[in-house]
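Dear colleague,

I am handing over the structure below, and the notes that follow it set out what was found. Please read them with the model open beside you.

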Amino acid sequence: MISYILRRTLAAVILLLVVSAVTFAIFFVLPRLAGQTADQLAQQYIGKSPSKADIVAVKHNLGLDQPVYVQYWHFIKGIVSGATYDLGPTTVHCDAPCFGYSFKTHQAVWPQLTSRMPVTLSLALGAAVLWLVSGVAIGVVSALKPRSFFDRTFMGVALAGVSLPMFFTGNLAILLFTYQWPIFGRTYVPLTENPAQWANTLIPAWCSLALLYSAIYARLTRSGMLETMNEDYIRTARAKGLRERKVVVRHGLRAALTPIITVFGMDLGLLLGGAVITETVFSLHGIGQYAVQAIDDNDLPPILGVTLLAAFFVVIANLLVDLLYAAADPRVRLS
Amino acid sequence: MEGIPPIMRRSALAAIAAIGSATLLVAGCSKADDNKDGNSGGSSAAANAATKGVVNASDKKGGTVTYELSDVPDSFDPGNTYYAYMYNFSRLYARPLMTFEPGPGSKGNTLVPDLAASKGVPSDGGKTWTYKLRSGLKYQDGTAITSKDVKYAVERSNFARDVLSLGPNYFQQFLVGGDKYKGPYKDKSAKGLSSIETPDDTTIVFHLKQAFQEFDYLVSAPQTAPVPQAKDTGVDYVKNIVSSGSYQFQSYQDGKQAVLVRNKNWDAKTDPLRKQLPDKIVVNLKVNAETIDKDVLAGDAIDLGGTGVQAATQAQVLTDSAKKANTDNTYGGRLVYMAINTKLKPFDNVACRKAVEYAIDKVSVQTAEGGPIRGDVATTVLPPDIPGYTKADVYASTGNKGDAAKAKAQLKACGKTSINTNITARSDRPQEIDAATAIINSLKAVGINATLKQYPSGKYFTDYAGVPNFANKQNVGLMMMQWGADWPSGYGFLQQILNGQAISQSGNTNLSQYDNKSVNTLLAKAIGTQDDTERNSIYTQIDKQTMDDAALVPLTYFKVLLARPTTFTNLVSTAAFSGQYDYLNIGVASK
């Protein structure tokens, strides 16, 4: 078990290195192939009509005057051991993990990520609970009574949920529930400050996001359940005289859960790296919003920071999923 | 200000605002009276009232004014910003030497002393400018503001561009020795830049390389707002800005929110402009653009960007007469135009350029841009809200729909029957693409075949249209462009886009590569001319010369449609800040 986790961790570190290297390459190498010079790149971070000296100075400050592999090395070194920046009248030390400074605003990336993490966590976890519970519940009930009125209705709703884009559902939810009937708050309040307000302002976002995802989970659960409920061991369980509820939950659902856990791990991991559209629609200052801004500004360090964070969460979520497999399905053994 | 966010940098806001609005051709003009009755009870004025007077004029104190922005500003640091709305807003906590008097439309272009006691006194034929500060000026911590702090503010904002890189650098260009001085972060000498003198604590003298009669405009930039050297932490100063204005920062969260409260050490006796009305000012950043519109219509917020409402909201407010009464449709001090590459064959021949001028159906372009609400058809380089504008139409056609016969005649005079060329537009600006498409259709009818090339706006000037070598090699004859003045004068508007001596190899804004000796001379002459009327008449001449040379095709005078929240006081749309409301004295109306 422990050696399994160690091996997976090592693989994760290598994966993160590859992801950061690819991001670096996309940022630097592709535009160069298209003929962009380091001067032109640096110029994007200076105001109007920069002098030659300005460009040289900015290039130097941002490290753009060095070969790409050296810049990459400095970036990785910063994450492990921190970095020191000499900007203006003060020398700033950036502790590990140092994800560097924004090319545009010169503000450190890591504090931005950590201050935005609670928002993204709140959004993703709240929505995840909602969609998992509702999705699985709907799936189970639909599977037990296939082709019933309930099944048809909910599968129809589920299909609508997965088809409607967030910028539609989200904006509609805002329009209806914060303006037309002002039931929910408009501006995010941290959980630590006022838990009731926190939940109140997040409910429209949670519901919109859950609507999008629960459809997939309902359908997955439904098909999984339909399959397992026809297995021999279910018939055996029933023949033993077990109560139907026990048969469904202990025997049927447990076996059908494996693929759902897999998908859930991936989905949650991705969301923790920033629910880009949801955060934009609901004006939440999360990781996703930061990523959009960074891409807008062509600002490498925040882009790298968000990419690595997202990759990290996906890797961790997958590791957890694999561990959960063993718990959920006795046939799986980690070694 | 380059129309700033507006123009080059991040005018995605404007772009989004115009998406899909092509179908919404409802003109928003109706009669409106000056509303200066001092009533402050959430009254509704007539449409465009804030372009003609101050709406809800009031001295009522208290409450919270909330601003919302769908973007993030480049910086709240007065020495590190170039966005028009930050030039406007920063005056609440950073007082420049001069500023604009809050006033409707072009009246808002009037310069008045702010930190300075009176306008600059020119000597040496306009090469030396002396300002006296008001007495009794204090920072938020109660320490005295001196002219040395103004000098330091100019030095840090213009000469340390590797650190504070986002603002313009006019002082670096115009001050004596500006090209040598390394800035206060590298040059630690107590003397600093020798061409800014501070003989005593209330006097500051600027020595310029050349006569510059619009220097008062230059010192209206937030770059002249005082910064105490001891408190300057470079890039981190934005987190601890020391206020010289009527408000100070209570909290600042980068990219998220800023909260300002009254500055107790600000003294109304030193300040004839600010009223310090609300108790608190909140700026929420990165708010969904649709949400901003709803909050503005609900009277809960003001759109800080001032780029106008979204297309959906536009349809909503223009079809409802009650809502329409609370809108302002105003010029943004900007021109939407298409530059013609004067260095590329066959457009190096003026007749070929004239063919393009005649061929374009400007109404189709206007429609593509979103209709009359988003801009009037343009026929001059200078927009109507910039001094020097004189109505003219060198290439007049019936109903502005273009004149194919004259276009073909010009083409013949140029020795061509057809031309193949490329036209560039910014890929992330749908209305610019639509306008370019309309132009392509107009040109096709006379035998000019233009192919659309799209590039991202972030690199449009550094890598593509703004690189003369690129344009000339890639057969780019036509380039879509928008321009707003850095300060509301002919020079502020024209110099960057027409001066032949300002063509740079990258980041160029004179896209036409227009280099006419008489225009260059006239620009230099204008800026050395002290008399306003005479100077403005030179700008008119330059405008005419440019049109005669067909260096660019004016398409529309850009307009914004602002929703005016009824719950706030002292709302006046000013030409000095791209048609935005003047943010200096907005307060909360009594409910």
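The buried residues of helix 15 of chain B are B:Gly490, B:Tyr491, B:Gly492, B:Phe493, B:Leu494, B:Gln495, B:Gln496, B:Ile497 and B:Leu498, where buried is used for a residue with 20 or more other C-beta atoms within 10 Å of its own, exposed for one with 12 or fewer and partly exposed for those in between, the C-beta atoms being placed from the backbone. Helices (H or I, at least four residues) and strands (E, at least two) are DSSP runs numbered from the N terminus. This is a predicted model, in which local features need pLDDT of at least 70 and side-chain atom pairs count only at pLDDT 80 or more, while totals for chains, interfaces and linings use all residues. Residues are numbered from 1 along each chain as its sequence is written, and chains are lettered from A and ligands numbered from 1 in the order in which they are written.

Helix 15 (residues 490-498) of chain B is mostly covered, with 9 of its 9 residues buried, and these residues pack against helix 5 (215-218), strand 16 (476-484), helix 16 (517-527) and helix 17 (532-548) of chain B; contact here requires C-beta atoms, placed from the backbone, within 7 Å.

In chain A, helix 5 (residues 109-144) and helix 12 (residues 287-296) pack at an angle of about 130 degrees, with their axes 8 Å apart; axes are lines fitted to C-alpha atoms, for helices over the stretch in contact, and angles run from 0 to 180 degrees between N-to-C directions. That makes helix 5 of chain A oblique to helix 12 of chain A, given that angles under 35 degrees count as roughly parallel, over 145 as roughly antiparallel, 65 to 115 as roughly perpendicular and the rest as oblique.

Finally, the contact between the chains takes 36 residues from chain B and 32 residues from chain A. Helix 6 of chain B gives the most to the side of chain B that touches chain A, with 3 residues.

Best regards

Terms used:
Two residues are in contact if their C-beta atoms, placed from the backbone, lie within 7 Å.
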